[in-house]
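Notebook open. I wanted to look at how two chains meet, and then at the folds behind the contact.

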Amino acid sequence: MVENKPWATVLAHLFLILGVAMVAFPIYVAFIASTHPAGSFVSGTMPLLPGGEFWNNYSTVITEGRSRAGTPPIGLMLWNSLLMALAITFGKLAVSLLSAFAIVYFRFPFRMLFFWLIFMTLMLPVEVRIVPTFQVVADLGMLNSFAGLSIPLIASATATFLFRQFFMTVPEEMLEAARVDGAGPFKFFKDILLPLSITNIAALFVIMFIYGWNQYLWPLLITTDQSYYTIVMGIQRMVTAGDSEPLWHLVMATVILAALPPTLVILFMQRLFVKGLTETEK
Amino acid sequence: MATIQLKQLAKTYAGDVHAVKGIDLDIQDGEFIVLVGPSGCGKSTLLRMIAGLEAISSGELHISQKLVNQLEPSERDIAMVFQNYALYPHMTVYNNLAYGLKNRGYNKAEIETRVQQTAKMLEIDAFLARKPKALSGGQRQRVAMGRALVREPSAFLLDEPLSNLDAKLRVQMRVEIKQLQKRLKTTTLYVTHDQLEALTLADRLVVMNQGLVEQVGSPMEVYDRPASLFVAQFIGSPAMNLLPLAALTEHSLWQSHLPDDTDIIGVRPDELLLEQPEQPHIRLACRCSLFEPAGAESHLYLSLNSNGQSICMRVDSDCQVREGDLVTLYVPVSEVHPFNQATGRRTDQA
């Protein structure tokens, strides 16, 4: 369908530009705010042009933090977030690939029961089971640890289900050809199935990484030790820390830095990500 | 090289579905066997049982005198070519060929020589670095063949390997497969539903129907002396004409030439004559309903005056009979295939 009406083109672009502006403007404001000195926002008017404090603000956040108010330098928090997000991502991928492999390719008793059990946990987000999960994690002594931060979030019905759907589209002859070629179940998984699902894995990697990075409630609950704070909860602590007025310029610098890693992940994996979501050809 | 013995081999699926109902077959070393039959007759299931992809419900399967019922496909020393080729899409042609060798622990140098040799033989050596996606249908077919050949197995199993190719390529690959098998002398089992492929390729033909073997024999035996009504109709194109005796007038004149329990006769379209022969013959009065030119030959479709039954006849392309003409056809009694309708079997079995 090709329409060639000038006003329609203009209208369409107008809408698109408006949409982009609505998404981009808050980010712009955050960036601008992070380049101004401390007092600039208390006056009530928001500056819309960059100020001169860029280096100052960012080096403060990274090296000093607001130690007096109880938030450490954000370098450690960024590192914690990265570790947690990666642990959750790789954990989820490993668990869901293997469970989908088992459900699709092996005949064992109660196979469908297990599938439905996994499937049903789709309906239970972290928040619903957060109190019992906290109890379990506390009893296991995993409060204030990376294990406690990541393991409870690893089980993933969504990823298992997606991989199951993908494995079912792989022609059965592929397995049979591999069997004739002398590949056992694990070799088949490693040599055939994994390379075939690489685009799906990439797509899920992006989604899972962002999911892990953005965890807020769970880390807030189970960490009391500063050395396990993650960046997302760190932002919150910066805003509410102490009695004084929040130091918005530093908060905004932290926000920009916190948004950077997920953005980079998307940028680098964009091509595979789109392929994984759209490609059907095998 | 291998002999393959099937002893009462049967496959039963859940729900009492008998896909293969007890088949006995002795395959000699180096033989080219074609399993042929309509879809759903159990020929693919039988092949997959021999390959080890389908469990054997009952009976025994011996490959090279060894009972292999419980062995994995890779332990049976067979190679299989699948209908949709089942090439590994993420591997190059080279790796597709090499994968089976790698899994069997061959060293790099040996894999290299074998793959190069096979690729040269199949003329795919120019594409070794490509992925299957970048190949045409015929090239993919060759790679699939190559994957089977490279291992030098003792038997090849091919499951309708040509059915995804266009007509011209199919004929070409058919010839190549035949030549290849003659050269390598590897025992080969080939499944097809195409009777022409079956006739041209086979040393021996196994015609199957509803999980049972209807007839085993060389292509010409099966064509010249079909053992049952089913085989008679399935092998040969255009199909054999089947005429119930009751529909034929004056059959008393020549019926004494046929076995007593004959009640239906088969006549190949190319055994019908327009001129009266000297030997004892049958006469059929017909009206021509369609003239169908087919290049080197033509087909006449006629309807029998006595009961309107349709008859197909092969004639030269310069035949002058046209739609609407009244024609008398003759069949030498010696060319008639006598059958019994109730048993479905041939009545003059030696």
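I started with a rule: a salt bridge is a side-chain nitrogen of Lys or Arg within 4 Å of a carboxyl oxygen of Asp or Glu. With that in hand I looked up R48(B) and E176(A), whose side chains meet in a salt bridge at 2.7 Å, N to O. R48(B) sits in helix α1 (residues 43-51) of chain B and E176(A) in helix α8 of chain A, so this pair joins two chains. Helices here are DSSP runs of H or I with at least four residues, strands are runs of E with at least two, and both are numbered from the N terminus. Side chains of opposite charge can pair when their charged atoms come close.

Ground rules before going on. I am reading a predicted model, in which local features need pLDDT of at least 70, side-chain atom pairs count only at pLDDT 80 or more, and totals for chains, interfaces and linings use all residues. Residues are numbered from 1 along each chain as its sequence is written, chains are lettered from A and ligands numbered from 1 in the order in which they are written, and side-chain values use heavy atoms, with hydrogens and water left out.

**Entry: confidence**

I checked pLDDT, the predictor's confidence in each residue, from 0 to 100. Chain B has a mean of 90, with 98% of its residues at 70 or more. Chain A averages 86, and 91% of the residues score at least 70. Within chain A, helix α12 (residues 231-240) has the lowest confidence, a mean of 81, while α9(A) has the highest, at 93. For the complex, the predictor gives an ipTM of 0.84 and a pTM of 0.81.

**Entry: the interface**

How many residues does each chain bring to the contact? I found 18 residues from chain A and 24 residues from chain B, with contact meaning heavy atoms within 4.5 Å. The two chains bury about 1800 Å² between them, 56% of it on carbon and sulfur atoms. Buried area is the accessible area (1.4 Å probe) that two parts lose on being put together, summed over both. On the chain A side, R179(A), V180(A) and D181(A) lose the most area to chain B, together 38% of what that side buries.

Which elements of chain A supply the touching side? α8 (172-180) and α9 (185-196) each supply at least two residues, and α8(A) gives the most, with seven residues. That side of chain A divides into nine nonpolar, one polar and eight charged residues. In this count Ala, Val, Leu, Ile, Met, Phe, Trp, Tyr, Cys and Pro are nonpolar, Asp, Glu, Lys and Arg are charged, and the others, Gly among them, are polar.

**Entry: strands of chain B**

I traced an open sheet of four strands in the order β2-β1-β4-β5 (chain B), with antiparallel pairing; two strands pair if DSSP finds at least two bridges between them. The edge strands are β2 (17-27) and β5 (66-67), each pairing on one side only. Eight bridges join β1 (residues 4-13) to β2(B), and Q5(B) stands opposite D26(B) in β2(B). Their hairpin has three residues between the strands, and G15(B) takes a positive phi near 85 degrees there. β1(B) pairs with β4(B) over five bridges, with L6(B) opposite L61(B). β4 (residues 58-63) and β5(B) pair over two bridges.

Elsewhere in chain B, β9 (residues 204-209) and β10 (residues 212-217) pair antiparallel over five bridges. L205(B) has G217(B) as its bridge partner in β10(B). In that hairpin, with two residues between the strands, Q210(B) takes a positive phi near 50 degrees.

Most residues other than glycine have a negative phi, and most peptide bonds are trans. A86(B) is not a glycine, yet has a positive phi of about 50 degrees; I placed A86(B) in the loop between β6 (78-81) and α2 (93-103) of chain B. A cis peptide bond joins S237(B) and P238(B), omega about -5 degrees. P238(B) lies in the loop between α8 (229-234) and β11 (241-244) of chain B.
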